[in-house]
Amino acid sequence: MTQSNPFDFTGKVALVTGGTRGIGKELSTTLAQHGARVFFCGTNQELGNQVADTINATLPQDNAPTSFYQVDVSDFKACGDMVTNIIAESGQIDFLINNAGITRDNLLMRLKESDWDEVMAVNLKGCFNCSKAVIRGMIKKRYGRIISLSSVIGLMGNSGQANYAAAKAGIIGFSRSIAREVASRNINSNIIAPGYIQTEMTQAMDEKAQDKIKELIPVSRLGTVNDVCNAALFLLSPMADYITGQVLQVDGGMLIA
Ligand SMILES: NC(=O)c1ccc[n+]([C@@H]2O[C@H](COP(=O)([O-])OP(=O)(O)OC[C@H]3O[C@@H](n4cnc5c(N)ncnc54)[C@H](O)[C@@H]3O)[C@@H](O)[C@H]2O)c1
């Protein structure tokens, strides 16, 4: 019996937010290599163009090209315009990955109002802005897969990250609510909660801090961007058609509850 490849995304259109580096860059690259037409956004035009060129240079000739949009996800109108333009260009958006995120860490005593507002605007409102922009098209098509990047910090809290933890916990409540709203339209909304993944975001930690974290991780290593991509591929594939509103932890067992 021949079986079709569940990870062949030829004909699908994906929007990845925050795709210029780290997890988002790997997600954009991987989805494009699996046949999807990928659009990714970020705030740095030059870097975005560079990443798009790099991805396109690795693609087989038949694969759809990857494109960059310079968009700040905290800007409601800009997100709506981006989605309108993508749909005009490619007809649909099948996959949305709400990945863009920032940290502005400090203890509550020292946390500034702007640290709170910026993290909420990018990490949480960004999810709302992009999900709201794509949902009408997905409902019309009776198909959609939304993945939002939370964090184990949103589940367990972390000293010095009250703003980040609150935004990441908010993403879970938001994603589960829309999962309930649109499940009957064949739209799934799931959450990936990574633990510590090796990216520029976590590179700032010194070796001592990294060793300390490894002690908290049963598999004894930090995660890789690939570990997160594999979880996303599964959730976007038909193998996960009956899974919605779930939090998939990719954390090496760091938080087993
Ligand atoms: N790296 C980790 O250990 C880890 C752990 C848990 C969760 N996460 C989450 O995964 C996601 C990706 O993390 P990462 O480590 O790759 O981060 P990163 O800092 O390496 O990359 C974040 C991306 O988001 C983009 N971005 C930032 N602000 C933006 C804005 N306003 N509009 C559009 N794009 C914007 C950046 O340009 C970059 O491309 C984030 O949401 C992060 O919170 C990461």
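Visitor: Which residue follows H4, and is its phi positive or negative?
Guide: Arg 142 follows H4, and its phi is positive, near 55°. This is a predicted model: local features need pLDDT of at least 70, side-chain atom pairs count only at pLDDT 80 or more, and totals for chains, interfaces and linings use all residues. Residues are numbered from 1 along each chain as its sequence is written.

Visitor: How do you know that the length of H4 fits a helix?
Guide: H4 covers residues 113-141 (a DSSP run of H or I, at least four residues). At 1.5 Å times one less than its number of residues, its 29 residues should span 42 Å. The end C-alpha atoms are 41 Å apart, so the two values agree.

Visitor: What makes H4 kinked, and where?
Guide: The bend is about 40°, centred on Lys 125. That is the angle between axes fitted to the seven residues ending there and the seven starting there.

Visitor: Why are S2 and S3 called paired?
Guide: Pairing takes at least two DSSP bridges, and four join S2 (residues 37-42) to S3, so they pair. The two run parallel. Phe 39 stands opposite Ser 67 in S3.

Visitor: What is the order of the strands in the sheet?
Guide: Seven strands (E runs of at least two residues) form an open sheet, S3-S2-S1-S4-S5-S6-S7, with parallel pairing. S3 (67-70) and S7 (247-250) are called edge strands because each pairs on one side only.
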